[in-house]
Amino acid sequence: MPIDPMNLRKVSVFQNATENDLKLISQHAIERSVEDGEFFFFQGDPAEYFYVLISGRAKLMQTTTTGQQVNLRTISEWQMFGALGAVRENATYPATAQAMENSTALAVKSDYLKELMQTRPYLSVELMKLMTSYIQEMQERYRELATEKVERRIARVLLRLTAQMGVKTTDGSIELTFTRQDLAEMSGTTLYTVSRVLSEWERQGLVEAGRERVLIRKPHGVVAIAEELNQ
Amino acid sequence: MLYLKGMNTEILHIQLTVEDVLKNWPQTYSVFKSHNTDCIGCLLQRFCSIQEVAEAYQISLPDLITDLEKYVKGINQI
């Protein structure tokens, strides 16, 4: 189903684009639908296309030599990803993009974006803004990893996820559908550590942790751990 | 639970979330601050009701409602 080119203005990099530019970009876009758990591209593939997610949700992740996966970021609708090829020669994707639900994205040749950038300075500026926001976020996460206790990191990730996807239940708890593996990847720790920490929180009555779901019984307790508040 | 219903005022309802209150009456941030809550900037604002804030921080619910009401009615301006 063709999209209205004007919708591309929801993409931060294209927010200042002219109508004509948006039309040009959409004319060069191929729509790609990927089922839940399938992939848009793999780490190490030539970065020939950049993507704009138009529906669903995806994650960017890297795999270590020992096979452990690290979740770098979650991509929501109208976010751009995999744009490295537009700014670097012979680039390969530094991460794998996997759909977290049935998702559709527009794929545009990186070379085309590179071509547009030659005559449209706004594109370079907006891409720089996007990159600096990524760097800032990574610096923050690096600081968290380097200095914060693992329990606090898990609590912060859990809060972020809750803010995005939590559903309040009738008894006042907050329900979250997420696997322990996802939580481990996003907190930069192991499945074993996540299970140990969740069991301890369960013992304290803060959460109830199932296989693919976490029920936060005492939200304030989790906030207190994440923010190191005096309880 | 019935006695709690009596605490609802014309404008405020104890089931309103912190997010609702702050969005509608941003000046109430100082009430949350003065009661030493950590609600300002909390990621869970949309989940916590006024009643739950009172419970979590062991604040008197009537006091919290009264203070919020003053700001909502514009009695206390910043």
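1. Let's start with a pair of strands. In this predicted model, strand β4 (residues 58–63) and strand β7 (residues 96–99) of chain A run side by side in the antiparallel sense, joined over four bridges. To find one of these spots yourself, look at A:Ala58: its bridge partner in β7(A) is A:Ala99. As background, strands of a sheet pair through backbone hydrogen bonds, either parallel or antiparallel.

2. Now widen the view. The pair belongs to an open sheet of four strands in chain A, in the order β2-β7-β4-β5, with antiparallel pairing. Which strands stand at the edges? They are β2 (39–41) and β5 (69–75) of chain A; each has a single partner strand, so one side of each is left without a neighbour in the sheet. On average, neighbouring strands here are turned by 30° against each other, direction ignored.

3. A helix meets this sheet too. Helix α5 (residues 180–187) of chain A lies across β4 and β5 of chain A, and α5 runs at about 90° to β5(A).

4. Next, try the helix pair α4 (residues 150–165) and α6 (residues 191–203) of chain A. Their axes are 10 Å apart, and the helices pack at an angle of about 85°. That makes α4(A) roughly perpendicular to α6(A), because angles from 65 to 115 degrees count as such. Which residues of α4(A) meet α6(A)? They are A:Val150, A:Glu151 and A:Ile154, and on the α6(A) side they meet A:Thr193, A:Val194 and A:Val197.

5. The contact between the chains takes 13 residues from chain A and eight residues from chain B. On the chain A side, α4 and α7 (219–226) each supply at least two residues. The largest share of that side, four residues, comes from α4(A). The chain A residues there divide into six nonpolar, four polar and three charged.

6. Finally, here is a check you can follow by hand. Helix α3 of chain A (residues 121–147) has 27 residues, and at 1.5 Å a residue it should span 39 Å. The expected span is 1.5 Å times one less than the number of residues. The end C-alpha atoms of α3(A) are 39 Å apart, which agrees. Is α3(A) largely in the open or largely buried? Of its 27 residues, the number buried is one, so α3(A) lies largely in the open.

Note on methods
Residues numbered from 1 in each chain as written. Chains lettered and ligands numbered in written order. Predicted model: local features only at pLDDT ≥ 70, side-chain atom pairs only at ≥ 80, totals over all residues. Pairing = 2+ DSSP bridges. Axes fitted to C-alpha atoms, helices over the stretch in contact; angles between N-to-C directions. Contact = placed C-beta atoms within 7 Å. Parallel < 35°, antiparallel > 145°, perpendicular 65-115°, else oblique. Nonpolar A, V, L, I, M, F, W, Y, C, P; charged D, E, K, R; others polar. Buried ≥ 20, exposed ≤ 12 C-beta atoms within 10 Å, placed from the backbone.
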